[in-house]
Each structure stands twice: as structure tokens, then as C-alpha cells.
Amino acid sequence: MSRAFLLVLDSVGCGAAPDAAAFGDEGADTLGHIAAACAAGQADRAGLRHGRLMMPHLAGYGLGAACATASGRVPPGLEAVPSGWHGSAIETSAGRDTPSGHWEIAGAPADFAWGYFPKTVPCFPPALSEAIIREGRLPGLLGNHHASGTAIVQELGAEHVATGKPIAYTSVDSVIQIAAHESAFGLERLYGLCQAVRPLVDALRIGRVIARPFVGDAASGFTRTTNRKDFALPPPHGNLLDRAAEAGRAVISLGKIGDIFCHRHAGTEIKAAGNMALFDRLLAGAAALPDGGLLFANFVDFDTDYGHRRDVAGYAAALEAFDRRVPDLAARLSAGDLVIVTADHGNDPTFKGSDHTREQVPIVGFGPGLRPRALGQRGTFADIGQSVARHLGLAPVARGNAFA
């Protein structure tokens with residue numbers, strides 16, 4: 001029996017989606033623009049990286065060809081004759097966010113429109129702010145506007161510690177984020193607050209309530225920790241995790257996958273601090289996953305550490321670091337195993353603003369004995385989940401057409 005490894009490189013889009021203009025993202029191209037910046041010497045950083053984007057392993061499997069399917073051009077540095085599956089996919093869900101992207105990848109697209117908070121100050125409806133303060137027994141809220149998470153923590157961290165008021169903010173995504181000091185406010189108290197807020201925003205169709213703990217002080221500055229926790233709307237039924245559970249298959253969820261799917265049928269959930277630590281867990285999972293099992297992983301650093309911060313050099317270095325580890329995974333695969341590398345949206349660090357971009361995502365597949373194949377431009381991310389379901393011999397997921 002075969003195994004499947006579904007790896008989501010968070011925000012690594014490969015060219016504007018056909019409807020990108022409706023999102024203000026016409027012209028966005030995360031991989032293409034990073035590669036172009038590298039080729040032009042605009043992504044060099046002493047001690048970090050230099051020159052053209054170097055991803056020989058994923059390029060060899062078909063990453064450059066996948067980009068060409070989406071954008072019509074192979075990004076510089078990703079030229080190679082593909083030895084694996086390669087193509088791109090278009091999102092049908094009405095968003096450019098993490099939950100809907102992952103749900104659609106898993107074969108069950110969101111069939112509703114997300115709710116968003118306006119770019120006003122304050123941004124939350126007064127009734128919601130009052131309910132949060134009441135339910136959390138809080139002295140008040142700080143923030144209450146659109147903001148960068150790292151910036152607002154530095155700006156309001158000292159006031160939060162002094163007053164006990166948590167920092168609440170949002171972005172262009174369907175999200176409310178609540179930041180608080182791990183010791184001054186308490187980590188478990190923060191989780192409890194976010195859990196109480198979750199039903200308060202259900203009627204507004206807000207995708208995620210995110211606990212953003214941090215540490216530090218006014219003198220040394222404040223730093224967000226790895227103890228983030230997401231409280232999301234439940235995913236649509238009939239997704240890949242549901243089908244694996246119905247068949248009694250082993251599931252390993254790495255990174256944010258458990259949070260994104262509300263811990264429903266997420267199996268063994270494993271988190272780690274950073275892409276490389278998570279890749280170590282991926283290798284351990286490859287050794288432990290039994291026949292017929294599914295490993296579903298999200299590598300978030302590309303998005304949170306580099307995309308949102310518009311750090312082109314850091315993003316490029318992270319891509320190269322991930323690529324260097326790919327042979328370690330390939331060496332641990334067994335006959336019949338399938339690896340699919342994809343993304344959930346874009347976050348072009350050369351683009352305007354600091355938010356996700358509406359892009360197509362690459363599809364790169366490899367495994368022992370897998371023959372090269374052009375998958376073309378798929379009309380929905382759900383084709384990925386349907387293909388994994390077929391590979392594992394599971395019942396079909398809710399939507400999508402399998403590659404083969």
C-alpha cells in the first residue's frame with residue numbers, strides 16, 4: 001500500500017490568478033519576482049545568500065515548469081527538464097487566506113464568503129469589543145485596527161504589560177489576532193480568551209481567531225513566541241483528513257495543519273519552531289508513517305517571517321534552505337510513495353502592501369518510479385486532494401478531479 005506526503009509551502013505562489021485584479025493583486029508573482037530579484041543581484045545579503053535563486057532539487061522535479069504553466073515563463077534559476085509531476089492550480093474559494101487554501105487543497109473548498117473587518121480605527125464593531133471585554137473579564141482592549149503583528153507588539157507591548165489590556169488587531173485576511181505577554185498575562189489565559197472569542201465572531205464569518213503570545217520587556221523589546229494557536233471555523237466535510245479517518249488510516253499533521261482543520265481527524269499533531277526543525281519532524285514522520293498513511297505539513301516561515309515582512313533576501317534564503325533538505329526526504333521514501341509540494345496562496349515580497357496575494361500555486365510531485373508528467377493548469381486546488389485520495393485508495397473527496 002502507498003503513502004502520501006502533502007507539503008504546503010505557505011504563501012509560495014507562482015503567478016497571479018485569473019481573478020487577481022478583483023483582489024488588487026494583478027501582476028503578483030511570488031516565486032517569479034523573488035527569482036528575478038535574485039538574478040538582478042537585488043536579493044544578496046552578506047552571510048545569508050548571493051546570486052541567482054538556487055533550488056536545483058525542486059526545479060529538477062518540475063518547479064520551474066510549474067511556474068511556467070501559471071505565468072508563461074520559467075523563473076531564472078529554476079530552469080530544468082522536469083523529472084516529476086508539474087503544473088499549477090487556481091483557487092475557487094473566495095479568498096486568499098490560509099484556511100480556505102488548505103481546505104481546498106484537501107478537496108473541500110469553502111462555499112461561503114469570508115467576513116472582514118474594515119480599515120477604520122477602531123475596526124471592530126463596538127458590540128464585539130464590548131463582548132470580548134465582558135467575556136474575558138478584561139480592563140479593556142488595545143489596538144483595534146489593522147496592523148503588522150510584530151510592529152503592534154513593539155508599539156503597545158509595554159502598555160499591555162502595565163494595564164493588562166490585550167492587544168487586538170486584524171489584517172486584510174479574515175482574522176482577529178489577540179496578542180498578550182506569556183507571563184504577565186498568561187499563556188493559558190490567552191488561549192482561553194481566544195476560545196471565548198471564537199463563537200463571538202462566528203456570525204461575522206471570521207475565519208480565524210489567533211492567539212499571539214510574546215515575551216520580553218520595554219527595555220529589551222518584545223518577541224513573539226512559537227506558542228501561537230489558531231481557533232478556526234470548522235472545515236467543510238468530505239476533505240482528505242475526513243476520508244483518511246473514515247478508512248482508518250494513520251495521519252500525521254505537521255505545523256499548523258491541526259489548527260487549520262480544527263483538530264478534526266488531524267491524527268498525530270506535531271509542531272516545531274521554524275522550517276528546518278519542522279523538516280526534521282517530517283523526516284521522522286517519514287520513518288514512522290505506516291503503509292497507507294498520510295502526512296500533511298505546513299511550512300509557515302515563508303509567509304510569516306518573510307512574505308509579510310517583505311524580506312526578499314530572507315524569503316529566497318528560506319526557499320534555498322528548504323530545497324537543500326529535499327534529498328533527505330527523497331532518500332526516505334519507499335516504493336509507491338508520493339510527495340506533492342504546493343502552496344495555499346501567494347505573498348509576493350516585492351508587491352505593494354504586506355499581505356497575501358491572490359495567486360496560482362505550483363504543483364510538484366515526485367516519488368520512487370514516478371514518471372514526469374505535465375499536469376497543466378488545474379481549475380481548482382481540490383484536484384490535489386482528489387489525486388492524493390485516489391493514490392491512497394480512499395473514497396473521493398468532496399470536489400476536484402484526480403490527475404490520473
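Residues are numbered from 1 along each chain as its sequence is written, and side-chain values use heavy atoms, with hydrogens and water left out. Because the model is predicted, local features need pLDDT of at least 70 and side-chain atom pairs count only at pLDDT 80 or more, whereas totals for chains, interfaces and linings use all residues.

Helices (H or I, at least four residues) and strands (E, at least two) are DSSP runs, numbered from the N terminus. Two strands pair if DSSP finds at least two bridges between them. On this basis, eight strands form an open sheet in the order S10-S9-S11-S1-S12-S13-S2-S14. The pairing is mixed. Strand S10 (268-270) and strand S14 (373-378) stand at the edges. Each has a single partner strand, so one side of each is left without a neighbour in the sheet. From one strand to the next, the twist averages 15°. Axes are lines fitted to C-alpha atoms, for helices over the stretch in contact, and angles run from 0 to 180 degrees between N-to-C directions.

Strand S1 (4-9) has two parallel partners in this sheet. Five bridges join S1 to strand S12 (residues 338-342). Here Leu7 has Val341 as its bridge partner. Six bridges link S1 to S11. On that side, Leu6 is paired with Phe296. Burial is defined by relative accessible area: buried means under 20%, exposed over 50%, and partly exposed in between (1.4 Å probe, protein chains only). Six of the six residues of S1 are buried. In a regular strand the side chains alternate between the two faces of the sheet. Ala4, Leu6 and Val8 lie on one side of S1, with Phe5, Leu7 and Leu9 on the other. Both faces are covered.

Strand S2 (residues 85-89) is also mostly covered, with five of its five residues buried. Trp85, Gly87 and Ala89 point one way, while His86 and Ser88 point the other way. S2 runs antiparallel to strand S13 (residues 361-366), and five bridges join the two. Ser88 stands opposite Pro362, and Ala89 stands opposite Val361. S2 pairs with S14 in the parallel sense, over five bridges. Ser88 faces Gln377 in that strand.

Helix H10 (residues 275-288) lies across S1, strand S9 (251-254), S10 and strand S11 (294-299). The helix runs at about 175° to S11. Contact means heavy atoms within 4.5 Å. Helix H4 (residues 98-105) is mostly covered, and eight of its eight residues are buried. Among them are His102, Trp103 and Glu104. The buried residues of H4 pack against S1, strand S6 (208-217), helix H9 (257-260), S11, S12 and H13. Gly107 follows H4 and has a positive phi, near 95°.

Two packed helices are described by the angle between their axes and the distance between the axes. For helix H1 (residues 30-39) and helix H12 (residues 312-330), the axes come within 10 Å and cross at roughly 105°. That makes H1 roughly perpendicular to H12. Angles under 35 degrees count as roughly parallel, over 145 as roughly antiparallel, 65 to 115 as roughly perpendicular and the rest as oblique. Thr30, Leu31, Ile34, Ala37 and Cys38 in H1 meet Val312, Tyr315, Ala316 and Leu319 in H12. By class, the contact has eight nonpolar, one polar and no charged residues. Ala, Val, Leu, Ile, Met, Phe, Trp, Tyr, Cys and Pro count as nonpolar, Asp, Glu, Lys and Arg as charged, and the others, Gly among them, as polar.

A disulfide is a pair of cysteine sulfur atoms within 2.5 Å. The count by this rule is zero. Cys38 is buried, at a relative accessible area of 1%. The closest cysteine sulfur to that of Cys38 belongs to Cys67, 13 Å away and too far for a bond. Cys194 is buried at 0% relative accessibility. The closest cysteine sulfur to that of Cys194 is in Cys262, at 14 Å, again too far for a bond.

Leu394 lies in the segment after helix H13 (382-392). This residue is buried, at 10% relative accessibility. Leu394 and Ala244 are 150 residues apart along the chain, yet their C-alpha atoms are separated by 6.7 Å. Leaving aside neighbours within four places in sequence, Leu394 is in contact with Leu240, Arg243, Ala244, Ala247, Arg249 and Ala389.
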